Amino acid sequence: MNRLIVISNRVSPPTGDGPGNQGGLAVALSAALRESSGIWFGWSGEETDAFTGHINFQRSYGVTTATVDLEAQDVEEYYNGYANCTLWPLFHNRLDLAEFERGFAGGYERVNDRLAETVAPLIEDSDLIWVHDYHLMLLGRNLRARGVNNRIGFFLHIPWPPARLLESLPGHGELFDAMLDYDVIGFQSENWRDSFIEYVQGHTEATIDQNGPDQNGIISLGERRAQIIVCPIGIDFAEFHEAAHGEVARESCRRMKRSANGRTMIVGVDRLDYSKGLPERFLGYERLLASRPDLHGQLFLLQIAPPSREQVRSYQQIRATLDSLSGRINGEFADAEWVPLRYINKGYPRDALAGIYRASRIGLITPLCDGMNLVAKEYVAAQDPEDPGVLILSQFAGAARQLTDALIVNPHSPDELAEAIDRALRMSKKERKERWHSLMANIRDEDVRWWQECFAKALAGSPV
Ligand code: GDG
């Protein structure tokens with residue numbers, strides 16, 4: 001078995017916490033790293049006065065991690081700047097929020113180069129290298145420049161934007177060209193793959209051969225060839241299922257039901273991010289309350305939204321918008337005995353979250369643009385098979401391509417959201433069970449280990 005080197009912006013080694021308290025990605029990558037005696041390399045999350053490239057090696061639960069500190073300027077330009085203020089908004093269709101600062105692009109190039117310089121000496125000839133996400137799109141190129149000829153794969157966790165949007169990015173051609181230094185490029189869904197191919201066809205000299213066995217395509221430019229794969233990430237089904245049946249989840253479910261006091265509960269769980277469609281979700285819920293006074297006092301929406309990227313202005317703005325919208329909705333509709341919207345800016349342990357999902361009749365997951373969306377899958381996995389809830393899912397989440405038996409909605413339309421909630425409230429138990437069984441089959445079969453194996457196979461050069 002070849003040794004695996006995983007490279008990602010941040011490293012999250014196993015913590016040894018109980019079932020359900022480690023994210024699925026960390027669990028899947030840790031298992032693969034453990035089995036191949038691999039290394040997980042990335043930024044430590046810490047700042048240092050001057051970059052030294054000193055690597056801090058640690059071992060936890062059989063996984064070796066190697067992390068480096070970055071300079072404050074690196075963090076500002078590469079992470080807060082190019083990753084979070086340029087690429088993230090642009091790749092999530094928010095050109096209006098994207099900032100195109102040369103300093104950010106310079107910082108991104110510098111950090112991708114520094115990380116390549118630091119990790120290159122750790123790489124041995126037969127290692128397979130798996131680079132993750134939009135923070136590190138140039139890393140493969142920088143490794144090649146240092147003579148690394150190993151197979152290197154890249155997986156994009158977020159969407160690839162439509163070509164007409166990517167065109168707005170200064171230096172988009174170089175960014176794309178650097179992608180061809182990867183042997184494998186993985187996307188979460190066919191939609192993002194198609195946008196990538198649209199860009200290749202309309203803006204580059206590269207050619208695409210889509211006649212291979214997997215139909216996704218091989219992109220060639222000169223001597224370079226990159227295989228495209230679609231490989232949707234899943235959850236750690238077995239572990240999440242166990243967590244959902246554990247004592248913490250059961251107690252959290254009981255407490256939520258007690259607190260609901262007979263009212264129907266709708267749940268949303270999202271990092272507080274403008275891509276997740278939270279204002280639009282609140283407006284759809286408000287539309288329902290405005291048009292259906294008979295529902296007042298009968299239901300409530302619990303929105304859990306732990307703050308994220310608080311240094312970035314657009315995140316401060318979305319938080320202020322939501323504070324004001326939630327205040328308006330509760331001000332208008334609440335009475336002394338009922339609050340229609342419970343809006344919470346803190347996170348919960350994952351096993352407690354599983355209990356909250358289970359107590360909720362409806363999972364309302366309506367991002368405006370999302371690479372995949374794992375909350376949708378967790379919600380389904382946590383349901384009671386005898387009385388499952390209904391998943392309402394945005395058509396713009398990568399997950400919508402797999403979870404076709406959810407109620408699929410356009411998250412921009414308050415009327416469609418209100419109608420979908422009404423339909424979910426009225427759905428018979430028989431229909432709920434049928435839909436849930438079909439959703440579960442996908443979530444169980446295409447779990448995070450399936451995803452990891454699917455990518456690893458392509459990376460090893462085997463047919464997917
Ligand atoms: C990116 C892409 C893609 C949320 N609140 C709490 C909590 N969470 C956990 C959820 C879930 C995870 O965070 C969020 O994952 P998502 O997939 O929904 O979204 P992103 O963070 O934007 O992730 C996305 C993903 O990468 C993987 O490829 O699916 O499209 O944007 O697991 O449960 N966890 C805990 N408490 C909370 O309050 N413990």
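Good morning. Helices α6 and α7 cross in a left-handed manner, a term used when the near helix is turned anticlockwise from the far one by less than a right angle, the clockwise case being right-handed. Helices here are DSSP runs of H or I with at least four residues, strands are runs of E with at least two, and both are numbered from the N terminus.

This is a predicted model, in which local features need pLDDT of at least 70, side-chain atom pairs count only at pLDDT 80 or more, and totals for chains, interfaces and linings use all residues. Residues are numbered from 1 along each chain as its sequence is written, and side-chain values use heavy atoms, with hydrogens and water left out.

The axes of α6 (residues 172–179) and α7 (residues 190–203) come within 12 Å and cross at roughly 110°. The two helices are therefore roughly perpendicular, the term for angles of 65 to 115 degrees. In their contact (heavy atoms within 4.5 Å), α6 contributes His-172, Gly-173, Phe-176 and Met-179, while α7 contributes Phe-196, Tyr-199 and Val-200.

I turn now to the sheet. Its 10 strands form an open sheet with mixed pairing, in the order β3-β4-β2-β1-β5-β6-β7-β10-β9-β8; two strands pair if DSSP finds at least two bridges between them. The edges are β3 (56–60) and β8 (207–209), each with a single partner strand, so one side of each lacks a neighbour in the sheet.

Further in, β7 (residues 184–187) and β10 (residues 224–230) run parallel and are joined by 4 bridges. Ile-185 stands opposite Ile-228 in β10. Thank you.

Key: Axes fitted to C-alpha atoms, helices over the stretch in contact; angles between N-to-C directions. Parallel < 35°, antiparallel > 145°, perpendicular 65-115°, else oblique.
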